[in-house]
Amino acid sequence: MFDIMPKPLQYRRCLVSSCLNHFLKKSVFRESENLTLFPVQVRHKSGGGFRPKKKVYHRVHELDKAIDLKKKPSLILQLKSMIQSQKHGTILLRDLEKHVGFVHKWNLMAAIEKYPSIFHVGGGNREPPCVMLTEKAQKIADEESEAIESMEPILVNNLRKLLMMSVDCRVPLEKVEFIQSAMGLPHDFKSSLIPKYPDFFSVKVVNGKVHLVLENWDSSLAITAREERLSRVLEPPSENRNKVRITKDGNFLGPNAFKVSFPPGFRPNASYLEEFQKWQKMEFPSPYLNARRFDSADPKARKRVVAVLHELLSLTMEKRVTCSQLDAFHSEYLLPSRLILCLIKHQGIFYITNKGARGTVFLKEGYGGSGLIEKCPLLLFQERFVSLCGRREVSVCNDQLQSSNVIS
C-alpha cells in the first residue's frame with residue numbers, strides 16, 4: 001500500500017513525460033535551419049501518393065538507464081543529509097512527513113527498512129522511534145568533509161568559467177542557485193564559498209536583480225574541456241592527411257572537432273559523413289569570447305553554440321543537467337530560441353531523455369555505457385557511502401577510460 005502514489009501527482013508526472021516525449025518526436029520532423037548535418041526529409045511513394053518519411057530520434061538505452069540507477073542512491077543520500085542536519089544525528093520517524101511530505105515519506109521509510117546496514121531505527125517503549133546512521137555508515141560519512149574540501153578549488157574554477165562564458169561576465173544569483181546541485185556547489189555557497197574569494201566574485205544588484213559578478217578574468221581558464229581532451233589525443237603529422245578515408249563513426253582528429261557517438265540504429269551514408277566532416281573541420285570562435293561579437297546566422301557562430309552547450313555540461317559533476325536548468329541560461333549565453341531542436345540535430349554529442357520526472361540533457365562523451373567515466377571527489381565519496389547497501393556500482397577501469405578518449 002505504501003507504493004501507491006496519489007492520483008493527482010501520478011497524473012502530473014505522466015502528463016509531463018508524455019508531453020516531452022510528444023515534443024521530442026515532433027521536433028525531429030521539423031525542417032533543418034540551413035544545416036545539412038541531418039538528411040533532408042525523404043518522400044516515398046505509397047498507395048495514396050507521396051508522403052514524407054518519418055525521421056526517428058534514436059534512443060540510447062544505456063543513458064536512459066543511468067537515470068534509473070540514480071534513484072536509489074539519491075534517496076539514500078537525501079536521508080543521510082536529513083539525519084546529519086539534526087542536532088543529535090537522529091530524526092524521529094514521525095517527523096519525516098514534515099520534512100518531505102506525505103508521499104515521499106513512504107519512499108524514505110522503505111529505504112530505512114531495506115538498508116539496515118546504513119540506517120538504524122532506535123527508540124521504543126516510551127520513546128518515539130527514530131532513525132540514525134549505523135556505526136559503519138557514520139564512519140564513512142565523517143569523511144565527507146575531506147571530499148568537500150578537495151572539491152573547493154574545482155568548484156571555484158568551474159564557477160569562474162560559468163561567469164566567463166556569459167556575455168557580461170555576470171549571472172543572476174537565482175540562476176546559479178538553480179544549477180548549484182548539478183555543479184556540486186554546497187547549499188550555503190553564498191555564505192561559505194563566495195565571500196572567501198573576493199578577488200574572483202562579488203554580489204551586485206543589476207537592473208533590480210542580484211547578480212554574481214566575475215571580478216577578474218583569467219585567460220588560463222579560458223580553455224574548454226574539449227580542447228583539453230584533444231590536447232591528449234594529438235594527430236601525428238602526415239603528408240596524406242587530406243586523403244584519410246572518412247570514418248563511419250563521425251570522429252575526426254583536429255583542433256575544431258567534437259567527439260561524437262552516433263546512437264545505435266543510426267546509419268549515416270557517405271554524403272552525410274562528408275558534410276559532417278566539413279562541419280567537424282570548420283573553425284569557430286571560443287565559447288569564452290563574447291557572443292555579441294558574432295552574427296547568429298553565421299555557421300561558425302552556430303557551431304560555437306554547440307561548444308557553449310558542451311562546455312556548460314562539462315562544468316557539471318555528472319555531465320548532465322535538466323532541460324529547464326539548461327534553458328535558464330538562455331539570455332546569459334545567447335542560446336538559440338529552439339534550443340531543443342539544436343540538441344536533437346547534434347544527437348552524436350548530446351542526448352535528451354524524458355526518463356524520470358524531468359527531461360535531462362546528457363553530454364555523451366562523459367559516459368561509458370550507463371556509468372560516468374570521470375568522477376570528482378564528492379561523487380567518489382557518495383559512491384562509497386551508497387555501496388554500504390550492497391549495491392553493485394557501475395565502474396570503469398583505467399583501460400576503458402583510456403580507450404574512451406581515443407578517437408578512431
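Reader: How many helices and strands does the secondary structure of the chain come to?

Author: This is a predicted model, in which local features need pLDDT of at least 70, side-chain atom pairs count only at pLDDT 80 or more, and totals for chains, interfaces and linings use all residues. Residues are numbered from 1 along each chain as its sequence is written, and side-chain values use heavy atoms, with hydrogens and water left out. Helices (H or I, at least four residues) and strands (E, at least two) are DSSP runs, numbered from the N terminus. On that basis, the chain has 16 helices and 13 strands.

Reader: What percentage of the 408 residues in the chain do buried residues make up?

Author: A residue counts as buried under 20% relative accessible area, as exposed over 50%, and as partly exposed in between, with a 1.4 Å probe and protein chains only. Of the 408 residues in the chain, the buried share is 43%.

Reader: Among contacts between residues at least 6 apart in sequence, what percentage join residues at least 24 apart?

Author: A contact means heavy atoms within 4.5 Å. When contacts in the chain between residues at least 6 apart in sequence are considered, the share joining residues at least 24 apart is 67%.

Reader: Which residues touch the most other members of the largest nonpolar core?

Author: A nonpolar core is a set of buried Ala, Val, Leu, Ile, Met, Phe, Trp, Tyr and Cys residues joined through side-chain atoms within 4.5 Å. The largest one has 97 residues, and its largest share, 9 residues, comes from helix α7 (residues 144-165). The members touching the most others are Ile-118, Phe-119, Leu-309, Phe-350 and Phe-385.

Reader: Which residues is Phe-385 in contact with, leaving aside its neighbours within four places in sequence?

Author: Phe-385 takes part in the meeting of helix α15 with helix α3, where one of its partners' group is Ile-76. Apart from neighbours within four places in sequence, Phe-385 is in contact with Ile-76, Leu-77, Lys-80, Ile-118, Leu-133, Ala-137, Ile-140 and Ala-141.

Reader: What span does α3 reach from its first C-alpha to its last?

Author: The expected span of a helix is 1.5 Å times one less than its number of residues. For α3, with 15 residues, the expected value is 21 Å, and the span reached is close to it, at 21 Å.

Reader: Which residues of α3 are buried?

Author: An α-helix has 3.6 residues a turn, so residues three or four places apart point the same way. In α3, the buried residues are Pro-73, Leu-75, Ile-76, Leu-77, Leu-79, Lys-80, Met-82 and Ile-83.

Reader: At what angle do the axes of α3 and α5 cross?

Author: Axes are lines fitted to C-alpha atoms, for helices over the stretch in contact, and angles run from 0 to 180 degrees between N-to-C directions. Angles under 35 degrees count as roughly parallel, over 145 as roughly antiparallel, 65 to 115 as roughly perpendicular and the rest as oblique. Helices α3 and α5 are therefore roughly perpendicular to each other. Their axes come within 10 Å and cross at roughly 95°.

Reader: How many nonpolar, polar and charged residues does the contact of α3 with α5 have?

Author: Lys-72, Leu-75, Gln-78, Leu-79 and Met-82 in α3 meet His-104, Asn-107, Leu-108, Ala-111, Ile-112 and Lys-114 in α5. Ala, Val, Leu, Ile, Met, Phe, Trp, Tyr, Cys and Pro count as nonpolar, Asp, Glu, Lys and Arg as charged, and the others, Gly among them, as polar. By these classes, the contact has 6 nonpolar, 3 polar and 2 charged residues.

Reader: Which elements do the buried residues of α5 pack against?

Author: In α5 (residues 102-114), Lys-105, Trp-106, Leu-108, Ala-111 and Ile-112 are buried. These buried residues pack against α3, α4 (96-100), β4 (119-124) and β5 (127-133).

Reader: Which residues of α15 does α3 meet?

Author: The axes of α3 and α15 (residues 377-386) lie 10 Å apart at an angle of about 95°, and the two helices are therefore roughly perpendicular to each other. Pro-73, Ile-76, Leu-77 and Lys-80 of α3 meet Phe-381, Gln-382, Phe-385 and Val-386.

Reader: What is the phi of Lys-319?

Author: Lys-319 lies in the loop between α12 (299-314) and β9 (320-322), and it is buried, with a relative accessible area of 18%. Its phi is positive although the residue is other than glycine, near 55°.

Reader: How far apart in space are Phe-262 and His-346, C-alpha to C-alpha?

Author: Phe-262 lies in the loop between α10 (225-232) and α11 (270-281), and at 15% relative accessibility it counts as buried. Phe-262 and His-346 are 84 residues apart in sequence, and their C-alpha to C-alpha distance is 9.3 Å.
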